[in-house]
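Here are my notes on the model, as numbered points. Have the structure open while you read.

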Number of protein chains: 2
Amino acid sequence: MIKAAQSGASSNFLQAYSIIEIADNDLRRELAKISGSDDYVNQTGVFYIFVADWYRQAQILQTENKDVKALQNMEALTVAIVDTTIAAQNMAIAAESMGLGICYIGGIRNDIDKVADLLDLPELTVPLFGLTIGMPKTRNEVKPRLPRANILSVNAYNRVTVSDLQAYNEQTSDYYANRSHHQKSTDWTQEMSNFLTKPRREDVAKFLKKQGFTLN
Amino acid sequence: MIKAAQSGASSNFLQAYSIIEIADNDLRRELAKISGSDDYVNQTGVFYIFVADWYRQAQILQTENKDVKALQNMEALTVAIVDTTIAAQNMAIAAESMGLGICYIGGIRNDIDKVADLLDLPELTVPLFGLTIGMPKTRNEVKPRLPRANILSVNAYNRVTVSDLQAYNEQTSDYYANRSHHQKSTDWTQEMSNFLTKPRREDVAKFLKKQGFTLN
């Protein structure tokens, strides 16, 4: 799993991420609780936390008495998030190719400051998400993705209007009504509207600043 | 390729990304020039731009007279970057599984404002990176990744010091000296130190704000 994660591309070979394996069950339960994902996190095989990470580079620069500005701006944060996600998705695909199941746990950002504390994270690191890997008891139906015309364009961005999403709403309405678990009467735009009624995790920016990112 | 990209996980099924295929050769050359990646971008099979994208959700919220605050903060931007990267890496793996080669082109962020203009990107969208896919003429050696001990920890973050990186420096020094192309006398910490001497792409944050992200 780790080798698969590390085999992904990395911007300028920076490898700006770390992986923390959560082997301690008490710690796992605490992270599960923060995430609101008790079942997913506690009843799985392994649980990894993926950390966007400039700490190694900060050590290198500080040893040479250089400042760490290059690690702090929005470009640097973006690079680290992308590097980390490439590594995680490589691991996810490796797991799935072996018949295992995975679940991303973005819920660790529900209390990102606490998670960083629990994992003893230093400056210029961000606990981005968890990834569970285990033997799936069942296999869910595949959720229908956005129609290609709503997500792919050629040469210039295609502005999708709500009426363009009509066909997808019919498709997802049918999916939600008839799937084998958690059936409900809704469609994609309704789900989006409900979910995005108010901003989520408003302390993330504050946490990032505390970690040394300037967000500029 | 598009189906593989769309098959990845997506935070709360938000699917906060779009893909733009660059089919026009003049446009491709212009993007290649901005990226400083002429050879990679112009001599490949297809070239996609991956866009972190809240525009669809903005349309849904605005149609219901809701404000778009939930799409603007650092959490929302993080979700979109992660969703976009999962999709891209899924596409990359699908391509590689068929014997094709890929290259991420982060260089589009060299002039991110211009790229957004060329692609007619609306508010709440970010051109994150390009991805080239083609038939590789040759296959490079695999670059040695950080030793597992430098990237993986258990239960709590393992603070890596520069002296911990000694073994990796020996390994990468050997790699850079002996690889089949572009041999050079360097090692990983030296590469990092040189590359990170000053902040890169300092206009990214300004661009994000222009697009409607509050970075708070």
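**Notes on the A/B pair**

1. Start with a cross-chain bridge: I20(A) has S153(B), in strand 5 of chain B, as its bridge partner. The strands involved are strand 1 (residues 17-21) of chain A and strand 5 (residues 152-154) of chain B, which pair in the parallel sense over 3 bridges. Strands pair here if DSSP finds at least two bridges between them; strands (E, at least two residues) and helices (H or I, at least four) are DSSP runs, numbered from the N terminus.

2. Some housekeeping: this is a predicted model, with local features needing pLDDT of at least 70 and side-chain atom pairs counting only at pLDDT 80 or more, while totals for chains, interfaces and linings use all residues. Residues are numbered from 1 along each chain as its sequence is written, chains are lettered from A in the order in which they are written, and side-chain values use heavy atoms, leaving out hydrogens and water.

3. On the interface, 93 residues of chain A are in contact (heavy atoms within 4.5 Å) with 93 residues of chain B. The two chains bury about 8300 Å² between them, 63% of it on carbon and sulfur atoms; that is accessible area (1.4 Å probe) lost on putting the two parts together, summed over both.

4. Now the charges. The rule finds 6 salt bridges across the interface of chain A and chain B, each a side-chain nitrogen of Lys or Arg within 4 Å of a carboxyl oxygen of Asp or Glu. One to look at is R109(B) with E75(A), whose closest N and O atoms are 2.8 Å apart. Helix 5 (residues 74-97) of chain A gives the largest share of the side of chain A that touches chain B, 12 residues.

5. Over all chains, the structure holds 18 salt bridges. Within chain A, D26(A) forms one with R29(A), the closest N and O atoms being 2.8 Å apart. These two residues are 3 apart in helix 2 (residues 25-35) of chain A, so about one helical turn separates them.
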